[in-house]
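This report describes selected features of one protein chain. The sequence and the structure are shown first, and the description follows.

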Amino acid sequence: MNCAVDVGSDVDLGPGASGAIMRVAVGHGANHVRHDRTVGEGGGAYDASLHVQLGSAESRDASAYGSVEFEGVEHGDRSPLLLVADIGSSHVRMGLLTQDLDRGNSRIIACRAYEGSAHPRLEDIVHSFCEEVAQRPKELVVAGSGYIHAGVVVSRQLAWPVVLDEVARVLGLGRIHFLNTIEAVAHAVPGIDLNTLKCLKQGVGKSELSGPTVVVGVGRGLGVAAWLPGCQSRVLATQAGQMQLAAKVGLEQELLEKISVAGAYTSCEVLLSLPGMHRLYVALCAARNRYPRHEDARSIVAAANDGDELADEALNVFCGWLGAFIGDMAAAYGAGSVCLVGGVISLIEERFIQSPFVDRFLDKGVMRPLLQRVPIYVLDRGWQGVVGAARWHLEVHRPGADTCTATVDTDDVHKPTIERQNHANKQA
């Protein structure tokens with residue numbers, strides 16, 4: 001399948017627009033499907049193509065991912081339409097898909113990004129999206145930070161509580177599923193050409209990539225998942241961000257002592273995240289007998305770029321510590337490559353090269369030669385969470401599948417959607 005994409009330069013979202021429905025043109029051989037939507041006064045439309053296809057899929061137990069089914073819904077009674085919600089720290093990205101479980105393919109025919117804080121709960125966002133696309137699918141896949149316990153999403157990063165059966169009840173759904181956001185992004189890896197991504201560190205001595213791709217998300221939290229290649233490729237979801245934080249002897253141990261309660265557990269996420277960057281800065285100020293002048297991570301980065309020595313030192317310590325953590329993940333999973341996503345990565349992407357990030361990534365003793373072979377890429381998350389969640393749904397629910405091969409054909413058209421949305425919000 002070939003997908004042609006045209007994002008017009010005259011696209012403009014007017015004041016008050018909270019997002020944009022994308023105009024999706026999907027071609028498959030002689031068949032062509034087009035779906036047009038425009039949102040808001042003066043709102044713009046986008047030409048895009050997005051296609052998710054599985055030649056065959058590994059069948060897995062959906063209940064392990066947090067799925068809820070309701071009485072009266074037969075296994076074979078599946079709607080051709082599927083909703084996907086990817087919940088980020090600032091935006092919720094909604095997608096409407098057509099699905100063919102027999103052939104193992106799914107097409108995104110409409111998608112929109114919403115500002116999460118502008119809505120009181122997830123149900124309202126999903127309801128608004130359904131109203132705009134004039135469809136009422138009975139199945140929803142939610143990708144978000146955290147994990148499921150007793151039907152409730154356990155997470156520090158979500159703007160509101162998410163209770164699966166309550167969401168399903170309010171929206172009249174027959175099925176609802178949950179998977180971790182970074183896990184969803186990892187499911188999108190097979191369709192991403194890593195050679196098109198920005199490379200923070202080249203792999204040495206390898207002509208071709210092999211081995212798992214470790215996806216590390218660093219934003220308001222810290223998440224890790226690994227895509228494992230093979231004829232039965234799969235994604236290993238983890239909660240590695242909740243592991244005990246390891247500190248190097250010296251300054252890192254001193255900072256950890258100032259942040260932690262004596263004898264208490266301190267997770268990696270406490271420091272290696274957007275809030276963690278500020279905690280580290282405050283601890284460094286205390287170590288240097290200085291008063292902290294900056295209130296959040298963005299102001300710390302801006303100050304460092306303007307020559308603030310203490311903010312600059314805090315960023316260097318943060319990047320080095322993060323590099324050490326990612327090196328641990330690469331070594332643990334025998335990574336063939338690493339992809340970094342999230343708000344922290346986009347915020348300090350240009351500083352990684354100047355910082356101790358790569359040195360600390362490689363500083364693993366006898367593992368150094370192995371890690372030298374591992375390239376590190378920056379991945380713009382964009383709509384990859386929606387794409388990956390759609391692929392996961394196909395892998396889990398395609399009946400009778402015993403092997404997994406998948407392709408995603410898409411162009412990077414999603415970043416302008418969010419950028420223009422943010423521009424419109426600033427004007428409002």
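In strand β17, Val338 is the bridge partner of Val214. The model in which this pairing is found is a predicted one.

The protein chain contains 13 helices and 19 strands. Of its 428 residues, 54% are buried. Among contacts between residues at least 6 apart in sequence, 74% join residues at least 24 apart.

**The six-stranded sheet**

Strand β17 belongs to an open sheet of six strands, arranged in the order β13-β18-β17-β14-β15-β16 with mixed pairing. The edge strands are β13 (198-201) and β16 (234-237), each of which pairs on one side only. On average, neighbouring strands of this sheet are turned by 25° against each other, direction ignored.

Within the sheet, strand β14 (residues 213-218) pairs with β17 in the parallel sense over five bridges. Strand β18 (residues 376-378) also pairs with β17 in the parallel sense, over three bridges. Here Val338 stands opposite Ile376 of β18. Strand β15 (residues 222-228), by contrast, pairs with β16 in the antiparallel sense over four bridges, and Ala226 has Leu236 of β16 as its bridge partner.

Why is strand β17 largely enclosed by the rest of the structure? Five of the five residues of β17 (residues 337-341) are buried, so the strand is largely enclosed. Ser337, Cys339 and Val341 point one way from β17, while Val338 and Leu340 point the other way, and all are buried. In a regular strand, side chains alternate between the two faces of the sheet.

Strand β7 (residues 91-100) is mostly covered, with eight of its 10 residues buried. Strand β6 (residues 81-87) and β7 form a hairpin with three residues between them.

| Strand pair | Sense | Bridges | Example of bridge partners |
|---|---|---|---|
| β6 and β7 | antiparallel | seven bridges | Leu81 and Thr98 |
| β7 and β8 | antiparallel | 10 bridges | Val92 and Tyr114 |

**Packing of helices α7 and α8**

Helix α7 (residues 297-305) packs against helix α8 (residues 309-333) at an angle of about 115°, with their axes 7 Å apart. That angle makes α7 roughly perpendicular to α8. The crossing of the two helices is left-handed. From α7, the contact is made by Ile300, Val301, Ala303 and Ala304; from α8, by Ala311, Asp312 and Leu315. By class, this contact of α7 with α8 has six nonpolar, no polar and one charged residues.

**Leu122**

Leu122 lies in helix α1 (residues 122-133). Is Leu122 buried or exposed? Leu122 counts as buried because its relative accessibility is 0%, and the cut-off for buried is under 20%.

Leaving aside neighbours within four places in sequence, Leu122 is in contact with Ala85, Ile87, Val92, Val142, Trp160 and Val162. One of these residues, Val92, has Tyr114 in β8 as its bridge partner. The C-alpha atoms of Leu122 and Val167 are separated by 7.7 Å, although these residues are 45 residues apart along the chain.

Key:
Residues numbered from 1 in each chain as written. Predicted model: local features only at pLDDT ≥ 70, side-chain atom pairs only at ≥ 80, totals over all residues. Heavy atoms only, no water. Buried < 20%, exposed > 50% of the residue type's maximum accessible area, 1.4 Å probe, protein only. Pairing = 2+ DSSP bridges. Axes fitted to C-alpha atoms, helices over the stretch in contact; angles between N-to-C directions. Parallel < 35°, antiparallel > 145°, perpendicular 65-115°, else oblique. Left-handed = near helix turned anticlockwise from the far one by under 90°. Contact = heavy atoms within 4.5 Å. Nonpolar A, V, L, I, M, F, W, Y, C, P; charged D, E, K, R; others polar.
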